[in-house]
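Work through the exercises below with the structure at hand. Try each task before reading its solution.

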Amino acid sequence: MVMDLLATLAAGAGLAGIALLLRRLSGQRLPKWIVPAGAGAGMLLFSVWNEYSWYPRVTAALPSEVVVISAPQDRVGIRPWTFLFPVATRFMALDRTGMLRSESDPAIRRAEVVVVQRWHNTQRVPMAFDCARRRTANLETTSELRPDGTLTGTSWLSVPDDDELLTAACREG
């Protein structure tokens, strides 16, 4: 967040500098207010660009084994342009890089769901998946998925056939 603030201030200073240079090159014919207006425009334009480019920049940096499951689009009153063009400031993904399969039942798997929010720490939530019976279990608490596929400390939850998280976890390869 501090880096965003510094970059925003730098963009404002840069556009203010360009406006000041244009004012001098014009022989002071441009009005004085063009310099602070340039600073404001630079900060606003950078903020909008940074807001809309965050999601594509972050997801492009993810390894191919990380599958984005959902990225809700937000509309926020203090950023009125988001009512016309909603923006993604958070997403959920399945990290398949460390996926474990049960020794006795390969349809039972364990992987981490990654919850990424702008300006917040990334959260990793361990989950169990039963591909054969179409169900999932949250392993955040004291629950455990044993190597033989036995689940303790929590219970399985059935999910619909079109559940994207389970589909991504059960995908082969």
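**Exercise 1. Give the strand order of the open sheet and name its edge strands.**

Step 1: the sheet has 6 strands in the order 1-4-5-6-7-10, and the pairing is antiparallel. Pairing requires at least two DSSP bridges between two strands. Helices (H or I, at least four residues) and strands (E, at least two) are DSSP runs numbered from the N terminus.

Step 2: strand 1 (66–70) and strand 10 (157–158) each pair on one side only, as edge strands.

The model is predicted: local features need pLDDT of at least 70, side-chain atom pairs count only at pLDDT 80 or more, and totals for chains, interfaces and linings use all residues. Residues are numbered from 1 along each chain as its sequence is written, and side-chain values use heavy atoms, without hydrogens and water.

**Exercise 2. How many bridges join strand 5 to strand 6?**

Step 1: locate strand 5 at residues 108–117 and strand 6 at residues 123–130.

Step 2: the two run antiparallel, joined by 8 bridges. One example is V115, whose bridge partner in strand 6 is Q123.

**Exercise 3. Why is the chain more spread out than a compact globule?**

Step 1: list the elements. The chain has 3 helices and 10 strands, in the order α-α-β-β-β-β-β-β-β-β-β-β-α from the N terminus.

Step 2: compare sizes. The radius of gyration is 24 Å, well over the 16 Å from the globule rule for 173 residues, so the chain is more spread out than a compact globule. The radius is taken over C-alpha atoms; the rule is 2.2 Å times the number of residues to the power 0.38.

Step 3: check the extents. The C-alpha trace spans about 80 × 30 × 25 Å along its principal axes.
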